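Okay, everyone, thanks for coming. Let me put the sequence and the structure up, and then I'll walk you through a few spots.

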Amino acid sequence: MSDATHGAGVTIRLFARLKDIAGTGELIRETPSGATARTVWDTLVSEFSELAGYASSVSVAVNQEYSRMDAPVAAGDEIAFLPPVSGG
Amino acid sequence: MSDNRPAMPTAPYAITTDRLSLDDLIQAVTMESSDEVGPGGITTFVGVVRNENAGRRVLRLEYEGYEPLALRAFERIGTETTDRWDVRVALHHRLGTLQIGEASVMIATASPHRADAFAACRYVIERVKQIAPVWKHEFFEGGDVWIEGATADPDDDAARQDAVRVAGLE
């Protein structure tokens with residue numbers, strides 16, 4: 001991770017097809033102050049354009065709790081993006 | 001209890017790559033408690049891997065999950081269920097590679113009265129399909145595909161009401 005510093009970044013978790021698109025289930029990215037989960041998502045979409053198709057169906061969890069795209073996030077947080085689920 | 005060891009408490013909620021055991025769930029919902037009326041009936045649901053989906057011949061499923069969030073989702077589903085029905089709930093979900101016929105999810109609901117046990121059990125599986133952060137990677141004859149069902153939103157009241165309606169009591 002030459003473009004990110006562990007101490008200053010958020011940990012991004014991706015699952016299922018989102019993980020396939022990004023080629024990894026875990027990334028670390030720096031976030032500006034005032035960032036929200038949506039800021040992080042937009043950063044991902046700019047890196048992996050195929051993720052854009054999930055704009056209306058993705059769910060987000062912050063620090064292992066379901067959250068909202070407008071939730072503030074800060075360094076050290078774990079932000080997970082979840083495609084539509086299919087358990088059972 | 002055929003020996004003198006104390007019964008191991010069995011977790012009501014679990015997500016694991018281990019094979020599921022219905023006995024574990026039944027034990028979890030029948031643990032003794034002196035301050036409430038005990039079970040008069042137990043309803044169980046076992047979801048198994050089907051050999052067909054959307055006209056495709058399924059070879060196996062690989063389940064992926066976000067384990068810590070899944071456990072919290074299971075606890076949330078359990079609380080929703082016990083808030084509505086007089087039941088105890090156990091819910092175990094399996095992850096990893098499952099062959100046709102293997103159990104992917106098990107639910108047990110115990111209640112003093114059978115109507116609550118049946119309704120609650122149906123509610124739990126509907127909510128699992130709505131909000132559990134678990135995904136099926138389907139391998140079929142000719143390819144593979146991630147199955148995508150519901151957008152997970154625990155606070156979506158319409159979805160919750162759908163599950164109540166399907167459960168059949170309201």
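This is a predicted model: local features need pLDDT of at least 70, side-chain atom pairs count only at pLDDT 80 or more; totals for chains, interfaces and linings use all residues.

**A walk through the model**

Let's start at A54(B), which you'll find in the loop between β3 (52-53) and β4 (56-65) of chain B. A word on those labels: helices (H or I, at least four residues) and strands (E, at least two) are DSSP runs, numbered from the N terminus. Residues are numbered from 1 along each chain as its sequence is written, chains are lettered from A and ligands numbered from 1 in the order in which they are written, and side-chain values use heavy atoms, with hydrogens and water left out.

Back to A54(B). Its phi is positive, about 50°, although it is not a glycine. For background, most residues other than glycine have a negative phi. Is A54(B) buried or exposed? It counts as exposed, at 62% relative accessibility. The cut-offs here are under 20% relative accessible area for buried, over 50% for exposed, and partly exposed in between, with a 1.4 Å probe and protein chains only.

Chain A gives us another one of these. Q64(A), a residue other than glycine, has a positive phi near 65°. You'll see Q64(A) in the loop between β3 and β4 (65-66) of chain A, and Q64(A) is partly exposed, with a relative accessible area of 24%.

**Chain B as a whole**

Now let's zoom out. How many helices and strands does chain B have? There are four helices and nine strands, and along the sequence they run β-α-β-β-β-α-β-β-β-α-β-β-α. Chain B has a radius of gyration of 17 Å, close to the 15 Å that the globule rule gives for 170 residues, so it is as compact as a globular protein of that length. That radius is taken over C-alpha atoms, and the rule is 2.2 Å times the number of residues to the power 0.38. As for the box, the C-alpha atoms of chain B fill roughly 55 × 45 × 25 Å along the principal axes.

Of the 170 residues in chain B, 45% are buried. Contacts, meaning heavy atoms within 4.5 Å, are worth a look too. Take those in chain B with a separation of 6 or more: residues 24 or more positions apart account for 74% of them.

**Rings**

On to the aromatics. A pair of aromatic rings is described by the distance of the centres and the angle of the planes. Rings of Phe, Tyr and Trp (its six-membered ring) pair if their centres lie within 6.5 Å; planes under 30 degrees apart count as stacked, over 60 as edge-to-face and the rest as tilted. By this rule there are four aromatic pairs over all chains. One of them is F15(A) with W135(B), stacked at 5.2 Å centre to centre with 15° between the planes. This pair crosses between chains: F15(A) sits in the loop between β1 (9-14) and α1 (16-22) of chain A, and W135(B) in strand β8 (residues 134-140) of chain B. Both F15(A) and W135(B) are buried.

Then there's W41(A) with F81(A), a tilted pair at 5.1 Å centre to centre and 55° between the planes. The two are 40 residues apart, with W41(A) in helix α2 (residues 37-47) and F81(A) in strand β5 (residues 78-82) of chain A. W41(A) is buried at 3% relative accessibility, and F81(A) is buried at 0%.

Last stop. R127(B), in helix α3 (residues 114-131) of chain B, is buried, with a relative accessible area of 0%. Leaving aside neighbours within four places in sequence, R127(B) is in contact with several residues, including E80(B), P154(B) and R160(B).

T43(B) lies in strand β2 (residues 41-48) of chain B and is buried as well, at 9%. Beyond four places away in sequence, T43(B) touches residues including I107(B), F118(B) and C121(B). The C-alpha atoms of T43(B) and D116(B) are separated by 9.2 Å, and these residues are 73 apart along the chain.

And S57(A), in the loop between α2 and β3 (59-62) of chain A, counts as buried at 16% relative accessibility. Not counting residues up to four places away in sequence, S57(A) touches L82(A), P84(A) and, over in chain B, T151(B).
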